[in-house]
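Me: Hi! Could you go through this model with me, one topic at a time?

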Amino acid sequence: MKSTLVNMTAVLFGITLVASAGVGVVNMITEEPIALAKEAATKEALTQVLPEFDTTESEVLTIDELPTTVYTATKGDAVAGYAVETMTKQGFNGVVRLMVGFTPEGEVINVNVLEQAETPGLGTKMADEGNVLLGSIQGQKLEEKKLVDGKLAVTKDGGDVDALTAATISSRAYVDAVNRAWMAYKSVATGSTPTDVASDATATAQTNEPEAQKGGQNE
């Protein structure tokens, strides 16, 4: 076949069409397993931060322009607790995503770290069982903590949440996400209007990150 621009274009178009069809088939095959895996991971996270429950209903809020999902768990005809899937973009290496469980009265039951990419051995300790961040809030009502401008804060910023050693930025990110979860919980449990909760301390930490490193902090 004589090589012409038309022929080459037709061949290229055919190759592109076949490749696109292949990608479409792969997506169709993997879409359902991915969705099922995500659903299973969410259910597992809920069981880790909530007491025993029968069913959950979810509601998605937007706080600080970030999606925040509140799961209302029920046992029989009563509310067993609330779980909030929350996130922050203020981690040392980006997004930190948490699942935070609350009793109906507002006590923190547990926190499950769903996603983080923090420094190994430093910020990653936020996911360790019994870490100091969790220990500072577990079993407590957050409104009874030492708040700064109405929000939780690490001790370095005037609050009473103990930070991870050499990981202040990661600790601030964790607290930022918990603050967002707390606001979402209050909105669903009490009907209050959610407001933005991003702290000035977190923003400042991000802006001054290189200086913090020069000051001897690993994070």
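Me: Is Tyr185 buried or exposed?
Reply: Tyr185 counts as buried, at 7% relative accessibility. Buried means under 20% relative accessible area, exposed over 50%, and partly exposed in between, with a 1.4 Å probe and protein chains only.

Me: And which ring stacks with Tyr185?
Reply: Phe102 does: the two rings are stacked, 4.8 Å centre to centre with 15° between the planes. Phe102 sits in strand E4 and Tyr185 in helix H3, 83 residues apart, so this pair links distant parts of the chain. Both Phe102 and Tyr185 are buried. For the cut-offs, rings of Phe, Tyr and Trp (its six-membered ring) pair if their centres lie within 6.5 Å; planes under 30 degrees apart count as stacked, over 60 as edge-to-face and the rest as tilted.

Me: How many aromatic pairs does the structure hold?
Reply: There are 2 aromatic pairs in the structure. Tyr82 and Tyr185 form an edge-to-face one, with 5.5 Å between centres and 70° between the planes. Because Tyr82 lies in strand E3 and Tyr185 in helix H3, that pair ties together parts 103 residues apart in sequence. Tyr82 is buried too, with a relative accessible area of 9%. Ring pairs link Tyr82, Phe102 and Tyr185 into a cluster.

Me: Before I go on, what should I know about the model and its numbering?
Reply: This is a predicted model, so local features need pLDDT of at least 70 and side-chain atom pairs count only at pLDDT 80 or more, while totals for chains, interfaces and linings use all residues. Residues are numbered from 1 along each chain as its sequence is written, and side-chain values use heavy atoms, with hydrogens and water left out.

Me: What is the mean pLDDT, then?
Reply: The protein chain has a mean pLDDT of 86, and 81% of its residues reach 70 or more. That score is the predictor's confidence in each residue, from 0 to 100. Over residues 200–217 the pLDDT is below 50, and beyond near neighbours in sequence this stretch has 16 contacts in the model. A contact means heavy atoms within 4.5 Å.

Me: Where is confidence lowest, and where highest?
Reply: Confidence is lowest in helix H5 (residues 209–214), at a mean of 39, and highest in helix H2 (residues 132–135), at 98. Helices (H or I, at least four residues) and strands (E, at least two) are DSSP runs, numbered from the N terminus.

Me: Switching to the sheet: what is the order of its strands?
Reply: The sheet is open, with 5 strands in the order E1-E2-E3-E4-E5 and antiparallel pairing. Its edge strands are E1 and E5, each pairing on one side only. Two strands pair if DSSP finds at least two bridges between them. Neighbouring strands are turned by 20° against each other on average, direction ignored.

Me: And what packs on the sheet?
Reply: Helix H3 (residues 168–190) does, touching E1, E2, E3, E4 and E5, and its direction makes about 145° with that of E3. Axes are lines fitted to C-alpha atoms, for helices over the stretch in contact, and angles run from 0 to 180 degrees between N-to-C directions.

Me: How many bridges join E3 to E4?
Reply: Strand E3 (residues 78–91) and strand E4 (residues 94–102) are joined by 8 bridges and run antiparallel. A hairpin connects E3 to E4 through 2 residues. Gly91 stands opposite Gly94 in E4, and Glu85 stands opposite Met99 in E4. E3 is mostly covered, with 10 of its 14 residues buried.

Me: What about E2 and E3?
Reply: There, 7 bridges join two strands that run antiparallel. E2 and E3 form a hairpin with 2 residues between them, and Gly76 in the turn has a positive phi of about 65°. Val70 stands opposite Val84 in E3.

Me: Last topic: what does Glu52 touch?
Reply: Not counting residues up to four places away in sequence, Glu52 touches Lys75 and Ala80. The side chains of Glu52 and Lys75 are joined by a polar contact of 3.2 Å. A polar contact is a pair of N or O atoms within 3.5 Å; within protein, one must be able to donate a hydrogen and the other to accept it, and residues adjacent in sequence count only if both atoms are side-chain atoms. Glu52 is exposed, with a relative accessible area of 61%.
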